[in-house]
Amino acid sequence: MNTCVVGLQWGDEGKGKIVDILAEQHDIIVRYSGGANAGHTVVVGDDKFALHILPSGVVRPDTICVIANAVVVDPDTLIKEIDALTQKNITLTGRLFISESAHVVLDYHKTEDQLREESLGKNKIGTTIRGIGPCYADKVGRSHAIRMSDLANLAALQDKLKTIVEYKNKIFTSLYNAEPISADEIFEKCRFYASRLLPFTIDTTEFLHKSIAAGKSILLEGAQGTLLDLDHGTFPYVTSSNSSSLGMSAGSGIPARMVDKFIGVVKAYATRVGAGPFPTEQDNDVGQYIRDRGNEYGTTTGRPRRCGWFDAVAVSYSATIGGIDSVALMHLDTLTDLEEIKICKAYKIEGKVVTFFPANTERLSQAIPIYETLPGWGEDIAEVNDFDDLPIDAQHFVCLVEEIIKRPVTIIGVGPKRSQTIFR
Ligand code: GDP
Ligand code: IMO
Ligand code: MG
């Protein structure tokens, strides 16, 4: 059984928790897109892991973890994560594999990300400044790209870096009036990255296909969310990769037909970090209530997340383009004590009722949500393990979500811990 887990909103849906839970039933966990812009939280007992690059299955010592070809690897973050886990006696030797085709995020990518965002002023995208856009841009541009495999030939890398840094410095100094960077310093860092990361670096596509042929089960872990997908999200307020499940095949080398189940992860409300249209946003007391109760502050940047009501138009779209079979609905507990709860079931755009999500940012910005309002519940649900034991109004909320998005909700989150999960 091969499974893909993907976010259906604007990221931070609780993918880390779901991947950690499902990792128990899979042999190999694969991150297939994005980079250290992601922040996936896994809570095990009193321990909390915030993973940016390593797959969320890593905290289970029996799993094999793969960082596949379309991930942009930030070596500083990755090495920090490996070391932090080693300190907790979670060792990665022999069970972490990094694709030799994965591209490497270097300091100049982060500098470029920051300088460009600063120069955009009020029009900025609100990126995580992790160098994601510039690294993917170099990948698409080809000539200035560095892959993990380049770390294996340091003499050639040194030459390549000279050319790249010369080019980047022209941009930094003339376009942004910023300090130039040193090719030597970057090369020395690469030498260190090579010594630490090459032992893990292989052809992961070959490894994954041989593993599948040998009967191993694969769990593919998406980063970000479908609405942040470069091609299918709310462009330009998106990330620079195909973060929906549509990016899974290109990102891992595994065709969709080899995946038995696509699980979409959503929260019982909506959040967004960074700029861009957000029709159901509640920039008011309700939004603040959700932010406080759900602890909606970015795992990667610490930024307060924008909060709003569950947008079934957006989620239906994500589920449709993502080929989603079933849904994990997280943070149901966060809605407890709200007097009423809303679900957006359609938009009004230019006087017309719209139910197919317009990813076009201009049209989406004009969307006026049409809500269904439901009564809330006051009972604490954090320890509920059975759907039938949820307050009837919480059950109604879940059932209405299922009805509108036309997908079964098979997992419900009622807290951050593994045990705070209802399976149906
Ligand atoms: P990811 O990026 O999709 O992995 O999500 P994040 O880790 O960035 O954000 C989700 C946050 O919600 C984390 O702090 C999780 O520990 C927490 N979380 C996950 N599921 C639940 C849930 O059902 N209820 C509550 N209260 N917290 C949850
Ligand atoms: P996880 O995997 C939420 C957002 C940024 C910004 C936009 C572009 O934890 O769900 P980037 O740095 O990628 O160029 O920023 O995308 N973003 C995320 N938002 N969760 C994430 O990851 C995100 N990764 C990127 O806030 O709006
Ligand atoms: Mg996150």
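Y193 is buried at a relative accessible area of 2%, where buried means under 20%, exposed over 50% and partly exposed in between, with a 1.4 Å probe and protein chains only. F192 is partly exposed, at 42%.

On provenance: this is a predicted model, where local features need pLDDT of at least 70, side-chain atom pairs count only at pLDDT 80 or more, and totals for chains, interfaces and linings use all residues. Residues are numbered from 1 along each chain as its sequence is written, chains are lettered from A and ligands numbered from 1 in the order in which they are written, and side-chain values use heavy atoms, leaving out hydrogens and water.

Rings of Phe, Tyr and Trp (its six-membered ring) pair if their centres lie within 6.5 Å; planes under 30 degrees apart are stacked, over 60 edge-to-face, and the rest tilted. The count comes to 7 aromatic pairs. F192 and Y193 make a tilted one, with 6.4 Å between centres and 50 degrees between planes. Y317 and F356 are edge-to-face, at 5.7 Å and 90 degrees. Y317 is buried at 8%, while F356 is exposed at 54%. One aromatic cluster takes in Y317, Y347, F356 and F357.

Now the ligand. Which residues are closest to ligand 1? They are K15, G16, T41, H331 and D333, out of 20 that surround it, counting a residue if one of its heavy atoms lies within 4 Å. A backbone N or O atom of K15 is 2.8 Å from a ligand 1 oxygen. For G413, the corresponding backbone distance to an oxygen atom of ligand 1 is 3.3 Å.

Note on methods: Polar contact = N/O pair within 3.5 Å; in protein donor to acceptor, adjacent residues only side chain to side chain.
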